[in-house]
Amino acid sequence: MFIVSIIIAKFASFIIKFFHLGAGATWPGEIALRLNPHILQKFSKQGKKIILVAGTNGKTTTVKMIETILTHTGYSVRHNASGANLDNGLVSAFLQDARWDGRLSSDYFIFEVDEATLPNILKEFTPHILVLTNLFRDQLDRYGEVDVIAEKWQQALASLPPSVTVIANADDPHLVLVGEKLAATVKYFGLEDPSLFLPKMQHATDTIYCPRCGSRLTFGGVYFSHLGKWACGNCKLTHPRVDVASRDFSSPVEGVYNRYNTLAAAMVAREVGIEDSDIKEALKSFTPAFGRMEETNVEGKRVKILLSKNPTGCNESLRTVLSSKQKGPLLLVLNDRIPDGTDVSWIWDVDFENLKNFKENIFVSGDRCFDLGLRLKYAEVPCKGMYRSLEDAIKEGLKNCKPDQTFWILPTYSAMLDVRKILTGKKIL
Amino acid sequence: MKHQLTIGWLYPELMSTYGDRGNIIVLTKRCKWRNINVSVLSIDFKTTKKEIESCDLVFGGGSQDRQQGIVIDDLRNNKGPVLKELFDRGIPGLFVCGAPQLLGHYYMTGDDTKLTGLGIFDMVSRHFGKSKPRCIGNTIGEIGEEFEVEGLDFRNTVVGFENHGGRTYLGKGVQPFAKIIKGCGNNGEDVTEGSVYKNCIACYSHGPFLPKNPHIADWLIAKALELKYKKKIPLKLLDDTLEWEAHEFMLER
């Protein structure tokens, strides 16, 4: 049955691609899962090394960094397509790798896993390494509350044996609570760099009360949202000692969040047995995943796309734009389709007020451009243009971008795909 | 004479799940643009009764279950009675998202635990566990002319986004805030959405309710001024082209 389902799913995948019906990132897996609901178990039993990356932000970039380092070292690596992080996405990646008889060929499988799906995936197989990046509020309509996810993770991770290494972000109190009582080997990464502390707490913070006892946490400093040097004065849940800090590995891309992604990836590489010097060397060749600080050239102008899909991610994107030496116009794109979350309330948690010091033109677009326009109006930030048509918005932004400047685009998930499609249509990407 | 308002914001750190502060931003800016001074008082554990009494308008956002658990005792024992006094006096208020469940007589959770509320609003809420699905999505409601403010633009619709598992049933002591046209509203049965007690509105719309409903924002401001200065204070008409564009866009969707 295993082989039959593989043959059918692989054949379907071939048809899908041949007739350009889709990228085949989820459908082949979906078909295989219908035929064989526990196909993930079957694949994992072949003894290949599997690395999972879960969390609200940074999954795609972390996976790409791990892949870069492992490939650089000579391993063959297979990963799931960005965003295809439910069970069907994982199965699709396995299918792509498998021969017709179902045998896998790559050495390592690195998968990003949706927050809500992680517990179900862990029921199917045990990974070798599990990375937990962070937990922020994101798409409340889909994921529910941060507390609820942390609780489900705690239960799901309890059954992992000591042979599994869990690599978690020490700066996120919820993840430390999750890591606290595990039988698995837990290692932590954290920035440990006070020069990156924000002058004050942002509004979009999700864990300022102790996730264990509910008392107010104290913060020696925060890097963004609630990530920082925290402690609970009441139940003594504390920031654990980190095994890797930012002084150990520098990030190949701008943005504080990319420092976290770098540390997580480097820890995985160490766990795999790669020397620090090789990790550093490999990271130099890293190029961002699509839409994540992705850089491209359009008519001689630099365009940078920064996926911005939740308050913390968007705040960090704005911080990156504002602190960058590269100046130029800014386009914000807000969609409310299923992959974006149908609720756009979150834009009111983003500190768009910081754009008051932004000297360049700002444009808005997307399905919910009026909501964005309103948000800017109430932040008292001038908006140069509101475009129902994304194509017009991109044209206008490019026109506004001087040759030596950068055109910054901050889209939500489906908007990012649209932006790329428009740029690709122009034979740019 | 320059007018002044104090807006009380209930537990901004704990009851602010998803863009709730949008309401405070809108109230503050719409006052500022009319040259009305505003100060925002964060009501938390340390806030005294006297400080709460200085509020001319009160706002409460939504909270996660754990956060709600943290504030409920303080609300019931310390803040509830003084808030009731304020609302009985006609101080306007806006409560969005889960806050209405807090204001009623009780909230019955999915596993039949009865959580006593503040009892300010004559209503009860109940979670039916898995037997009734969560209500998630954009909403449209129809409101009455009592929310019209003289000299300002009025629409008889409100737009919002709901995301709640519980169902609320109104008693005789409150009026429904709106008739639900799209969405689930209080319970999906009697076409009501939200409730009104004196000048206080509680609704299931969550997060930033006021940005796309500027008429409700102005109604709250007008009521607050009227009560404070004991006469109607005319409000300057603002350019709300963008607000109504966003409002109408949601009506047509």
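In which hand does α4(A) pass α11(A)? I opened the notebook with this point, working throughout on a predicted model.

**Entry 1: α4 and α11 of chain A**

I found that α4(A) passes α11(A) in a right-handed crossing. I then looked up the geometry of the pair: helix α4 of chain A spans residues 59-73, helix α11 of chain A spans residues 276-284, and their axes come within 9 Å and cross at roughly 115 degrees. Angles of 65 to 115 degrees count as roughly perpendicular, and α4(A) and α11(A) are therefore described as roughly perpendicular to each other. From α4(A), I listed A:M65, A:T68, A:I69, A:H72 and A:T73 as the contributors to the contact. Facing them from α11(A) are A:D278, A:I279, A:A282 and A:L283. I sorted the residues of this contact into five nonpolar, three polar and one charged.

**Entry 2: α2 and α5 of chain A**

I next examined helix α2 (residues 27-35) and helix α5 (residues 87-97) of chain A, whose axes lie 7 Å apart at an angle of about 100 degrees. These two helices, α2(A) and α5(A), are therefore also recorded as roughly perpendicular to each other. On the α2(A) side I noted A:P28, A:G29, A:E30, A:A32 and A:L33. They meet A:D87, A:N88, A:G89, A:L90, A:V91, A:S92 and A:L95 in α5(A). The contact of α2(A) with α5(A) comprises six nonpolar, four polar and two charged residues.

**Entry 3: the six-stranded sheet**

I traced an open sheet of six strands in chain A, with mixed pairing and the order β9-β10-β14-β11-β12-β13. Which strands stand at the edges? They are β9 (292-298) and β13 (385-387) of chain A; each has a single partner strand, so one side of each is left without a neighbour in the sheet. From one strand to the next, the twist averages 20 degrees. I followed β9(A) to β10 (residues 301-306) of chain A and found antiparallel pairing over six bridges. Within β10(A), A:K304 is the bridge partner of A:E295. I also noted that helix α12 (residues 311-323) of chain A lies across β10, β11 (330-333) and β14 (406-411) of chain A, and that this helix runs at about 175 degrees to β14(A).

**Entry 4: chain A against chain B**

Finally, I turned to the two chains and found 22 residues of chain A in contact with 26 residues of chain B. On the chain A side, the elements giving two or more residues are α7 (140-143) and α13 (369-378). The largest share of that side, six residues, comes from α13(A). I recorded the division of the chain A side as nine nonpolar, five polar and eight charged residues.

Terms used:
Residues numbered from 1 in each chain as written. Chains lettered and ligands numbered in written order. Predicted model: local features only at pLDDT ≥ 70, side-chain atom pairs only at ≥ 80, totals over all residues. Contact = placed C-beta atoms within 7 Å. Helix = DSSP H or I, 4+ residues; strand = E, 2+ residues; numbered from the N terminus. Nonpolar A, V, L, I, M, F, W, Y, C, P; charged D, E, K, R; others polar. Pairing = 2+ DSSP bridges. Axes fitted to C-alpha atoms, helices over the stretch in contact; angles between N-to-C directions. Parallel < 35°, antiparallel > 145°, perpendicular 65-115°, else oblique. Left-handed = near helix turned anticlockwise from the far one by under 90°.
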